[in-house]
Amino acid sequence: MVALVVGLSPMRLRIATDKLAWGLAIFPMAALVAALNAWSRIADGGVLSWQVNWLPSLGLSLGLYYDGLSALFVLLVSGIGVLVVIYAGQYFQGDQSAWRFQVYLLLFMSAMLGVVMAGDVITLFIFWEGTSIISYLLVAYKYKDEEARAGAFRALFITGGGGIALLAGLLMVSYVAGGSDLATILQSGELIRSSEIYGAMLALVAFGAFSKSAQFPAHIWLPGAMSAPTPASAYLHSATMVKAGVYLLARLNPALGNTEAWFWLLTLVGGTTMVMGAYLGLKQHDLKALLAYSTISQLGVFVMMIGQEMDIAFKALVVGVLAHALYKSALFMVAGIVDHETGTRDIRRLGGLRRVMPVSFALATLGALSMAGLPPLFGFLAKETLLATAVHPSFTPWESYILVAATVATGALLLAQSGMLVYETFLGPVKDERVHGHEAPWAMLLAPAVPALLSLVVSLPDAQFLEAFLANAAAAAYGDKVKVSLALWTGLHEPVLLSFVAISLGSLLFWRRAQVRAWQDRLLAGATWNGVYTAVLNGMDSLATWATRLQQGRLRVYLSIMLVSVVALVLLLGGVPLPEATAVSWPILDFDGELAILRLFALLVAVGAALASVLLVRDFAAIVALGASGLAVAVLMALEPAPDVALVQIVVDTLALVILVLALTRLPRPQRRRAQAFTFAQSRRGLLRDGLVAGAMGAVVTAVTFVALISRPRESYLTPFFAANAKPLTGAKDIVGAIVVDFRALDTLIEIAVFSMAGLGIYTLLRLAARHHGDRGTQVDELPLPVQALRSYGIGGQLVSPFVRVVAYFVLPLALIIAATHMMYGHDQPGDGFTAGVIISLAVGFWYVVFGYYQTRQRLVWLRAAPLISSGLLLVMVSGAIAAFVNGHFLSPVDFGALLGLPLPAGFSLSTSFLFEVAICLAVVGSVVYMLNTLGHPGETTDGNS
Amino acid sequence: MELLTALAIGLLFAIGIFQMLRRNVIRSAIGLIILANAINLFLLSTGAYQGVDPAYSTAAGVQSDALPQALILTAIVISMGGTAFVLSMLYIISARYQTSDLDEVNGLRN
């Protein structure tokens with residue numbers, strides 16, 4: 001726990017230069033000390049865990065889990081982290097932008113610590129993805145180099161894809177185990193293994209782990225990632241990140257492992273990777289590429305070991321992980337030093353550096369001996385346990401033969417590479433006179449020196465702490481006790497003999513290396529997995545191009561595609577569950593009710609008028625037809641019977657008509673004429689296509705509606721509550737009204753806010769358009785009234801007859817009175833604040849038509865949109881807040897009239913509901929005024945006499 | 001009667017969509033409103049039952065389902081606001097491109 005807190009603390013530290021490397025090393029150091037300190041508490045195989053609920057509703061929690069296996073990896077991450085931070089400080093000496101690298105490095109360290117200490121698979125996944133992303137940043141650190149960017153992308157592409165698979169797999173695992181925390185999952189091994197989806201879980205989780213740990217055939221990203229600066233390669237791509245997959249598999253072994261599928265999958269993939277990595281490594285001539293392939297080979301070994309069901313395999317795993325981390329990080333850092341001091345990593349140019357770089361030579365030799373698996377180095381122990389596993393009696397003879405052959409061959413190949421690494425670089429003749437080297441500063445040598453010397457020291461006797469430490473780690477992965485002894489010489493066993501075979505073979509390979517490498521180059525020269533990767537990538541590119549070509553920019557086409565997809569989805573998902581003919585009470589065409597004829601008539605008008613709006617040539621006529629259709633819809637609603645809805649439908653229909661006509665008048669006349677002309681100028685095929693799309697959608701809707709209509713449940717869960725409580729709780733007879741302003745008052749508050757936003761949005765949009773026409777900065781409200789404008793009347797500038805003007809004078813006060821009664825008595829009768837607001841707005845709209853924009857604005861001073869909207873919204877909030885004081889609930893009903901004992905007319909109560917209605921009315925008027933002002937403003941019409 | 005109502009709502013829906021697919025800006029706005037009407041009618045038809053009296057607590061007979069009605073009230077208002085907003089957007093588009101032909105508005109391409 002302490003370790004993570006300290007491990008995460010570098011996240012806060014954003015600014016640092018390369019000079020600060022020593023200071024920065026404190027953070028991983030602290031994590032290391034804390035981890036070792038905490039180890040004493042888990043030495044007996046216990047677990048330290050900590051959990052906090054993150055999203056309890058989704059069952060998500062953040063958790064930490066610290067046991068022997070975590071401890072081993074925390075030790076590697078923080079221990080090598082210390083060295084790499086110091087090394088990077090030296091590596092980037094003089095580069096003032098290198099703080100960026102250090103920040104990435106520390107961020108990576110935190111993420112990696114998170115992975116190996118996560119106590120919850122979701123937490124684990126988050127940190128897992130974090131390592132992928134930061135790895136991308138580190139590999140592409142030299143972002144001006146195209147190769148670095150390509151390598152970084154490839155790594156992210158492959159590990160990211162694996163991450164998605166991993167997430168799916170982990171979710172399945174937690175679903176089956178009944179919890180996403182590690183403790184639950186590790187205890188549900190039986191449940192998981194016997195699950196029906198075990199195969200899918202295994203495949204997904206394993207794919208995630210394989211992609212991260214560079215297993216065949218996802219291994220191709222690792223050599224590409226070598227374009228990262230060497231400190232990153234030494235840390236991420238040998239010691240830590242690539243081992244995340246190994247960690248995950250080892251971690252989940254008690255839950256997912258111990259099955260045939262697990263054994264074969266891990267053994268085959270790991271074994272293939274092991275042999276292939278070692279084989280390809282021998283081909284390389286770049287020091288880092290050579291090291292990368294041998295890393296791949298080692299990762300294959302680890303994966304293979306996790307697949308086994310014997311304690312010695314897990315001993316091989318933990319010993320191997322530690323040994324590999326030590327020698328490989330040392331070798332990488334030495335390779336970096338060579339590159340840094342000579343300018344090249346190509347063994348065809350290097351050679352004879354032992355005189356100028358004696359310390360580097362010594363360190364490289366130590367590392368290489370360990371890699372070759374020669375005594376008395378730690379790598380020898382790793383190889384011995386590996387061979388001991390291969391000859392384990394639980395294998396069938398054939399399995400054992402193949403395993404032994406593969407491990408011996410790998411050992412031989414690795415030995416040859418180790419020899420090549422040292423010999424070609426430091427020994428032998430100088431191959432290129434232009435390559436000069438000199439020894440690195442001591443601080444830079446310190447970093448590889450520590451792991452290289454540790455490789456030597458840990459194999460000395462009396463390493464009891466280490467034995468206990470590794471045994472604890474192996475036990476956590478194996479699920480049972482594992483005995484680890486680190487004695488170098490245990491007598492003349494089979495493994496030792498096999499080791500001799502491997503060493504002899506390796507020496508032979510090293511001796512004849514020139515011939516072997518030449519032969520390797522000829523064999524299968526063209527076939528690489530990179531080709532597959534490139535083909536996949538190109539395929540995706542062309543798929544994207546094809547998909548983009550569908551986007552021709554025509555809105556109508558987009559709409560058609562969406563609608564067709566909806567219909568297709570409905571059909572694909574089994575269509576609408578139409579009732580069986582017998583279940584429907586025939587005849588459906590009953591005309592029993594007294595209002596049936598009226599309903600039929602309304603249906604006919606609604607559809608007929610809508611059809612007319614399609615067929616009528618003139619836009620204006622089409623709009624009028626639309627109005628008729630809307631009114632018929634209102635009649636249908638009244639027949640439900642839903643009088644409130646019908647009333648609102650009527651006023652809204654009218655208002656929509658007014659706004660449509662206003663919008664129509666704003667379009668320039670030639671443009672309108674042209675538009676009318678091409679309304680029907682579409683090809684027959686296009687019309688047919690649109691008709692088919694619309695018809696298909698209509699058919700689906702018909703079916704759905706029909707099902708909804710005949711399967712009305714006849715009883716409702718919620719409505720009885722509202723019906724019973726409307727009067728007692730809110731004092732309203734009108735249940736619909738009570739629901740709107742009392743029971744669901746918050747909904748309504750949001751609704752009028754949205755409506756206000758629509759008005760405000762229109763205003764903003766049209767002002768924006770006006771600016772495009774050169775009218776800058778002025779607001780409609782502030783426009784000075786032109787003198788001639790005061791004389792202009794009507795929306796088209798024509799003077800309307802005196803009679804109409806007189807009517808207009810009377811209409812507005814009448815509308816105000818009607819609106820007031822709607823608001824006062826809306827609780828007991830049809831009608832509400834919204835209707836009131838629209839009625840006032842319609843009267844105002846009439847004024848716009850009769851008196852014109854400027855006259856209306858001059859005469860109706862109170863008609864200012866922003867104050868109206870804000871006072872409306874404010875009124876709701878204030879009355880709701882007062883109700884909160886009185887009743888304890890925001891927007892709860894309070895009858896202020898009764899509370900204060902005011903003498904009010906019967907049937908009217910000065911309550912929060914009434915105030916809400918007033919507020920709705922104000923907001924609606926304000927919003928509609930915005931619409932009318934902007935759409936009715938004469939300034940922007942391009943031709944004045946429309 | 002249910003079949004006829006369903007058929008009418010479906011037809012209104014189809015007409016609305018057909019109108020929305022026209023090239024003429026005004027026609028597609030009309031289509032949007034027809035579509036909104038059809039949807040509101042559909043929502044009304046999802047009410048649990050059809051009464052003979054409006055949903056007033058003083059009504060004698062079976063009252064119609066109040067809940068969907070209250071929801072439709074909101075829906076009508078919002079669709080009105082939405083229609084007005086879409087109209088102003090269509091207006092801006094047509095003013096910018098000097099055309100009411102939606103096919104000539106291809107600013108999405110680039």
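At 0% relative accessibility, A:Tyr235 counts as buried, where buried means under 20% relative accessible area, exposed over 50% and partly exposed in between, computed with a 1.4 Å probe on protein chains only. This is a predicted model, in which local features need pLDDT of at least 70 and side-chain atom pairs count only at pLDDT 80 or more, while totals for chains, interfaces and linings use all residues. Residues are numbered from 1 along each chain as its sequence is written, chains are lettered from A and ligands numbered from 1 in the order in which they are written, and side-chain values use heavy atoms, with hydrogens and water left out.

A:Phe108, likewise at 0% relative accessibility, counts as buried. A search of the whole structure finds 20 aromatic pairs over all chains; rings of Phe, Tyr and Trp (its six-membered ring) pair if their centres lie within 6.5 Å, and planes under 30 degrees apart count as stacked, over 60 as edge-to-face and the rest as tilted. A:Phe108 and A:Tyr235 form one such pair, edge-to-face, with 5.7 Å centre to centre and 75° between the planes. The pair links distant parts of the chain, since A:Phe108 belongs to helix α5 (residues 99-117) of chain A and A:Tyr235 to helix α12 (residues 230-239) of chain A, 127 residues apart. Helices here are DSSP runs (H or I, at least four residues), as strands are (E, at least two), and both are numbered from the N terminus.

A:Tyr809 and A:Phe851 form a tilted pair, at 5.4 Å centre to centre and 50° between the planes. Because A:Tyr809 lies in helix α35 (residues 802-825) of chain A and A:Phe851 in helix α36 (residues 833-859) of chain A, the pair ties together parts that are 42 residues apart in sequence. A:Tyr809 is partly exposed at 41% relative accessibility, whereas A:Phe851 is buried with a relative accessible area of 1%. The ring of A:Phe851 also has A:Arg859 over its face, at 4.8 Å from the ring centre; a charge sits over a ring if NZ of Lys or CZ of Arg is within 6 Å of the ring centre and within 35 degrees of the ring normal. In chain B, B:Arg22 lies over the face of B:Phe18, at 4.0 Å from the ring centre. Elsewhere in chain A, ring pairs link A:Tyr87, A:Tyr91, A:Phe92, A:Phe101 and A:Tyr141 into a cluster.

The next topic is the nonpolar interior. In soluble globular proteins, nonpolar side chains tend to be buried together. A nonpolar core is a set of buried Ala, Val, Leu, Ile, Met, Phe, Trp, Tyr and Cys residues joined through side-chain atoms within 4.5 Å. The largest one has 190 residues, and those with the most contacts inside it are A:Ile192, A:Phe378 and A:Leu470. Its largest share, 20 residues, comes from helix α16 (residues 311-342) of chain A. A second, separate core of 131 residues includes A:Ala646, A:Val651, A:Met697 and A:Val876.

A:Leu470 is one of the buried residues of α21(A), which also include A:Leu466, A:Phe469 and A:Asn472. Not counting residues up to four places away in sequence, A:Leu470 touches A:Leu72, A:Val318, A:Val319, A:Leu322, A:Phe378, A:Val484 and A:Leu486, contact meaning heavy atoms within 4.5 Å. Helix α21 (residues 464-478) of chain A has 15 residues and reaches 20 Å from its first C-alpha to its last, close to the 21 Å expected at 1.5 Å a residue, the expected span being 1.5 Å times one less than the number of residues. The cover over the buried residues of α21(A) includes α3 (26-39), α4 (68-91), α13 (243-256), α16 and α18 (378-390) of chain A. After α21(A) comes A:Gly479, whose phi is positive, near 95°.

Most residues other than glycine have a negative phi. A:Ala214, however, has a positive phi near 55°; A:Ala214 lies in the loop between α10 (198-212) and α11 (221-224) of chain A and is buried, with a relative accessible area of 0%. A:Ser418, in helix α19 (residues 397-426) of chain A, is buried as well, with a relative accessible area of 3%. Leaving aside neighbours within four places in sequence, A:Ser418 is in contact with A:Ala368, A:Met371 and A:Ala372.

Chain B has three helices and zero strands, and buried residues make up 64% of its 110 residues.
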